[in-house]
Amino acid sequence: MTTTLHSSSVAAVDPVVLYEILRLRVDVFVVEQDCPYPELDGRDLEPTTRLLWSRDDDGRVTATLRVLHDGDDRRIGRVATAAAARGRGLAADLMRAAVASCEGRLVRLDAQAHLSGWYARFGFVVDGDEFVEDGIPHLPMTLAATR
């Protein structure tokens, strides 16, 4: 099965695709992780936010993440893969694309603690103490600016 990667501002995303992206995030973070929280936080609507996602041949969104501008830094978050698409490296492909898009900037993320090793594969290092968000242990991580 062929997968294609996409990147866009929210304003330019087809409404059906945007619905699928948001549905995937809710399915993973709210339903699967049993974590009721305000998934729609308004940050997707910031003009500088980029959504990245992958779609299979059938057009279904299989993985997604977003890149936010936090002043001069960048922040990657909402990294999610559909349960049926896991193990295919789709989130890793999106992470590589997201990191490349942040060239020259410090990149931050808050990793669920059990995934810190996965983020370390992309060069992220723990940059602070563990904290609990929505009942899930997290670690702040950073990736130094590259040129």
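Arg78 counts as buried, at 18% relative accessibility, where buried means under 20% relative accessible area, exposed over 50% and partly exposed in between, with a 1.4 Å probe and protein chains only. The model is predicted, so local features need pLDDT of at least 70 and side-chain atom pairs count only at pLDDT 80 or more, while totals for chains, interfaces and linings use all residues. Residues are numbered from 1 along each chain as its sequence is written, and side-chain values use heavy atoms, with hydrogens and water left out.

Arg78 takes part in a network in which salt bridges that share partners join it to Arg25, Glu39, Asp41, Asp44 and Arg66. A salt bridge here is a side-chain nitrogen of Lys or Arg within 4 Å of a carboxyl oxygen of Asp or Glu. Asp41 and Arg78 form one, with 3.3 Å between the closest N and O atoms. Asp41 lies in the loop between helix 1 and strand 2 and Arg78 in strand 4, so this pair ties together parts that are 37 residues apart in sequence. Helices (H or I, at least four residues) and strands (E, at least two) are DSSP runs, numbered from the N terminus. Asp41 is partly exposed, at 35% relative accessibility.

By the same rule the count comes to 17 salt bridges. One of them joins the side chains of Glu32 and Arg86, at 2.9 Å from N to O. Glu32 belongs to helix 1 (residues 15-32) and Arg86 to the loop between strand 4 and helix 2, so the pair ties together parts that are 54 residues apart in sequence. Glu32 is partly exposed, with a relative accessible area of 45%, and Arg86 is also partly exposed, with 39%. Another salt bridge links Glu46 with Arg43, whose closest N and O atoms are 2.7 Å apart. Glu46 counts as partly exposed at 27% relative accessibility.

Helix 2 covers residues 90-101, and its end C-alpha atoms are 17 Å apart. The expected span is 1.5 Å times one less than the number of residues, so the 12 residues of helix 2 should span 16 Å, which agrees. Leu90, Ala91, Ala92, Leu94, Met95 and Ala98 are buried in this helix. The cover over the buried residues of helix 2 includes strand 1 (3-8), strand 2 (50-56), strand 3 (61-70), strand 4 (73-81), strand 5 (107-112) and helix 3 (116-120).

In strand 1 sits Ser8, which is buried with a relative accessible area of 9%. Leaving aside residues up to four places away in sequence, Ser8 touches Val13, Thr49, Arg50, Leu51 and Trp53, contact meaning heavy atoms within 4.5 Å.

What of the empty space? Rolling a probe the size of a water molecule over the atoms shows where empty space is left. On a 1 Å grid over the protein atoms alone, a cavity is a set of points where a 1.4 Å probe fits but cannot get out, and a pocket is an open set with protein on both sides within 12 Å along at least five of seven lines; lining residues have an atom within 4 Å of a point. Grid points are joined across faces, edges and corners, and a volume is the space filled by probe spheres set on the points.

The largest pocket has a volume of about 870 Å³. Of the 36 residues that line the largest pocket, Phe29, Arg78, Val79, Gln112 and Tyr119 are the closest to its centre. Helix 1, strand 3, strand 4, helix 2, strand 5, helix 3 and strand 8 (136-143) are the elements that give two or more residues to this lining, and strand 4 gives the most, with seven. By class, the lining has 18 nonpolar, eight polar and 10 charged residues. Ala, Val, Leu, Ile, Met, Phe, Trp, Tyr, Cys and Pro count as nonpolar, Asp, Glu, Lys and Arg as charged, and the others, Gly among them, as polar.

The second largest pocket has a volume of about 240 Å³. Its lining consists of 13 residues, with Leu24, Arg60, Val61, Thr62 and Ala82 nearest the centre. Helix 1 gives the most to the lining of this second largest pocket, with five residues.

A search of the whole structure finds one cavity of 30 Å³ or more. The largest cavity is lined by Val99, Cys102, Glu103, Gly104, Arg105, Val107, Leu143, Ala144 and Thr146.
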